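Here is a short tour of a protein for you to follow on your screen. Have a look at the sequence and the structure, then read on topic by topic.

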Amino acid sequence: MFHSANSRLVAAALGALAIGTFAFAGSAAAAPVQLFPFLMAPPAQSAPPVQAAPSDDDEGTVREMPARLKRQVVNYATREAPGTIIIDTPNTYLYYVLGGGQAIRYGIGVGREGFTWSGVQTVTRKAEWPDWTPPAEMIARQPYLPRYMAGGPGNPLGARAMYLGGTIYRIHGTNAPHTIGTHVSSGCLRLTNEDVTDLYSRVNVGTKVIVLPMDRRADNTNGRRG
């Protein structure tokens, strides 16, 4: 009798457990529940949406350039002849002297710390969409650089280049316009592709180029457009 009663109790318990399991399974289908959160990994969180990096290519959307770095005609007093280029290294400006107390001012990128230079040079060669052969000094510092790169939109020299004397330095374009206004290069002077194309059209072989040192500022203009 006692054994029969126990059997009925066990059967009832198993039946209740089966019903509860079925009910739990039904609710779990609607909203999964962790029975043992201390043993299971926490629920995965959805990753934030991937955002495309802003494009700096001249063919795409570029970041807005600060007003001071945009090409503009400014008042500029100098004794240098019209057609002279003056590089204001600390202010990251290039002046193309027009004469009559005016110049075209371009925003530029200049050499990083330890790579700025100064002196007087002349433009000895001009090239459109120039090829790039990194000098040995640059390869020694950055051995991962290519030994040669054909000219084109992906070339670091950009759309135009003006070579300075017998030095390794150039005034050239860039496919990274966000670097204009910064001290980033190995000594070359970079402009946006649009600006270097404009300057290129004005400059002749033999043009005088004055590069001022970091401790001398050439910006004695009042910033007004001519």
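This is a predicted model: local features need pLDDT of at least 70, side-chain atom pairs count only at pLDDT 80 or more; totals for chains, interfaces and linings use all residues.

The protein has 3 helices and 11 strands.

**The whole chain**

- The protein has 226 residues, and 37% of them count as buried.
- Take the contacts in the protein with a separation of 6 or more: residues 24 or more positions apart account for 65% of these.

**The second largest pocket**

- Rolling a probe the size of a water molecule over the atoms shows where empty space is left.
- The second largest pocket holds about 310 Å³ of space.
- Its lining is made of 18 residues, and those that lie nearest the centre are Trp-132, Met-138, Pro-156, Ser-186 and Arg-190.
- Sorted by class, the lining has 8 nonpolar, 7 polar and 3 charged residues.
- Two strands that each supply at least two residues of this lining are strand 8 (170-172) and strand 9 (183-185).

- You can find Ser-186 in the loop between strand 9 and strand 10 (189-190).
- Is Ser-186 buried or exposed? Its relative accessibility is 15%, so Ser-186 counts as buried, because buried means under 20%.
- The side chain of Ser-186 makes polar contacts with two arginine side chains: Arg-112 at 3.3 Å and Arg-141 at 3.4 Å.
- Leaving out residues up to four places away in sequence, Ser-186 touches Arg-112, Phe-115, Met-138, Arg-141, Gln-142 and Tyr-169.

**Aromatic pairs**

- A pair of aromatic rings is described by the distance of the centres and the angle of the planes.
- How many aromatic pairs does a search of the whole structure find? The search finds 3.
- Tyr-76 and Tyr-95 form a stacked pair, with 4.2 Å from centre to centre and 10° between the planes.
- Tyr-76 sits in the loop between strand 1 (72-75) and strand 2 (85-88), while Tyr-95 belongs to strand 3 (residues 93-99), so this pair ties together parts that are 19 residues apart in sequence.
- Both Tyr-76 and Tyr-95 are buried.
- The rings of Trp-117 and Tyr-169 also form a pair: their centres are 4.6 Å apart and their planes are at 10°, so the pair is stacked.
- This second pair links distant parts of the chain, 52 residues apart: Trp-117 is in the loop between strand 5 (110-111) and strand 6 (119-128), and Tyr-169 is in the loop between strand 7 (160-164) and strand 8.
- Trp-117 and Tyr-169 are both buried. You have already met Tyr-169 among the residues that Ser-186 touches.
- Tyr-76, Tyr-93 and Tyr-95 make up one aromatic cluster.

- Where is Ala-159? Look in the loop between helix 2 (136-141) and strand 7.
- Ala-159 counts as buried because its relative accessibility is 3%, and the limit for buried is under 20%.
- From C-alpha to C-alpha, Ala-159 and Ala-127 are 8.6 Å apart in space, although 32 residues separate their positions in sequence.
- Setting aside neighbours within four places in sequence, Ala-159 is in contact with Ala-127, Glu-128, Trp-129, Pro-130, Gly-173, Asn-193, Val-196 and Thr-197.

Key: Residues are numbered from 1 along each chain as its sequence is written. Side-chain values use heavy atoms; hydrogens and water are left out. On a 1 Å grid over the protein atoms alone, a cavity is a set of points where a 1.4 Å probe fits but cannot get out, and a pocket is an open set with protein on both sides within 12 Å along at least five of seven lines; lining residues have an atom within 4 Å of a point. Grid points are joined across faces, edges and corners, and a volume is the space filled by probe spheres set on the points. Helices (H or I, at least four residues) and strands (E, at least two) are DSSP runs, numbered from the N terminus. Ala, Val, Leu, Ile, Met, Phe, Trp, Tyr, Cys and Pro count as nonpolar, Asp, Glu, Lys and Arg as charged, and the others, Gly among them, as polar. Buried means under 20% relative accessible area, exposed over 50%, partly exposed in between (1.4 Å probe, protein chains only). A polar contact is a pair of N or O atoms within 3.5 Å; within protein, one must be able to donate a hydrogen and the other to accept it, and residues adjacent in sequence count only if both atoms are side-chain atoms. Contact means heavy atoms within 4.5 Å. Rings of Phe, Tyr and Trp (its six-membered ring) pair if their centres lie within 6.5 Å; planes under 30 degrees apart count as stacked, over 60 as edge-to-face and the rest as tilted.
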